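Colleague: Could you walk me through how to read charged contacts in a model like this one?
Modeller: Gladly; let us open the structure and take it step by step.

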Amino acid sequence: MKTFEMRINFKIAQKWNDLTEWQVKTIGLYMFNSRNEQVSSRVFKTFIIGILLVPKFKLKYILKSIYFFTQVPFSEFEKYTDFVFDQKELFTRFPKKIKVGRWPFRKVVFGPAPRMANSTIEELSYADTFYYKWAIDQDVNDLHRLTAILYRPKSKTNNPEDVRFAFSPLTLEQNSFITDPIPLHIKFMIAHVYAGCRQNFINRNTNVFPIQKKSENSEKEEKKRKPYMPFSKIIDAFAMDEVQIFGSHQQVEKVYASKFLQIYDASIAKQREQ
């Protein structure tokens, strides 16, 4: 009598940036709807495992996931959820585009490049203001505003670095009419990606964003809400510097945030050496 062993090779994402867009949206829907509820760690991990085993909502992936659940113990799967709880594991890849509405009135808006590589410092400044408000007050109106800033229709000009039309605070209200119908759980994940990009900027520019040393009264200080330092003040400080590398205030605003912060960080380091 011969016995046959069935082997199924399956690739499971182990980083936020490796998730498919369907997985991101589905996790976002669960996290957004349960954000104010007490969900046990095991229930949450079981849900995440189920999503990780289904990269796309197709029957073949669903059948494979059912087979895995019956053959592999929970403890083996559990390690694959570590990235969700790891604060050092940053989510920095936005959904490339989002379709809004139904045909024939459907419109498409496009998001920033990974790590916000093509976002100007002005765009980052506005986005950060509303992200901070969302993080503190959990007001969904700030999610609407954040999305309207980051997601814009395709520009008529051919710019290989950014397909979106150029950011301007004057067009935000007009753009919000397009982005407002985007489901809240998708906007929730957009905010999550923004938080990862924001932390990436902080990690890369330690002179602009110095790490605060913990004092004896650190516990008391943490309980107090720290005053928010908007990026606009950083722009003002750099634009008024004696050596205006990027030119006037309006010219500074149009510089890519990554380049701006890199040069500003080097400028602070140089001043400290003098």
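Predicted model: local features only at pLDDT ≥ 70, side-chain atom pairs only at ≥ 80, totals over all residues.

Colleague: How many salt bridges does a search of the whole structure find?

Modeller: The search gives seven. A pair counts when a side-chain nitrogen of Lys or Arg is within 4 Å of a carboxyl oxygen of Asp or Glu. Take glutamate 122 and lysine 254, whose closest N and O atoms are 2.8 Å apart. This pair links distant parts of the chain, with glutamate 122 in helix H6 and lysine 254 in the loop between helices H12 and H13, 132 residues apart.

Colleague: Is glutamate 122 buried or exposed?

Modeller: Buried means under 20% relative accessible area. Glutamate 122 has 6%, so it is buried, whereas lysine 254, at 48%, is partly exposed.

Colleague: Which residue forms a salt bridge with glutamate 123?

Modeller: Arginine 164 does, with the closest N and O atoms 2.9 Å apart. Glutamate 123 sits in helix H6 and arginine 164 in the loop between helices H7 and H8, so the pair ties together parts 41 residues apart in sequence. Glutamate 123 is buried at 1%, and arginine 164 is buried at 3%.

Colleague: What does aspartate 128 pair with?

Modeller: Its partner is arginine 198, at 2.4 Å between the closest N and O atoms. Aspartate 128 lies in helix H6 and arginine 198 in helix H9, 70 residues apart. Salt bridges that share partners also join Glu123, Arg152, Asp162 and Arg164 into one network.

Colleague: Which residues gather in the patch of positive charge on the surface?

Modeller: They are Lys25, Lys97, Lys99, Arg106 and Lys154. Lysine 25 belongs to helix H1 and is partly exposed, at 38%.

Conventions. Residues numbered from 1 in each chain as written. Heavy atoms only, no water. Patch = residues over 30% accessible without salt bridge, like charges linked within 9 Å, V, L, I, M, F, W, Y side chains within 5 Å. Areas by Shrake-Rupley, 256 points an atom, 1.4 Å probe, with all protein chains shown as cover. Lys, Arg positive; Asp, Glu negative; His and termini not counted. Charge placed at Lys NZ, Arg CZ, Asp CG, Glu CD. Helix = DSSP H or I, 4+ residues; strand = E, 2+ residues; numbered from the N terminus. Buried < 20%, exposed > 50% of the residue type's maximum accessible area, 1.4 Å probe, protein only.
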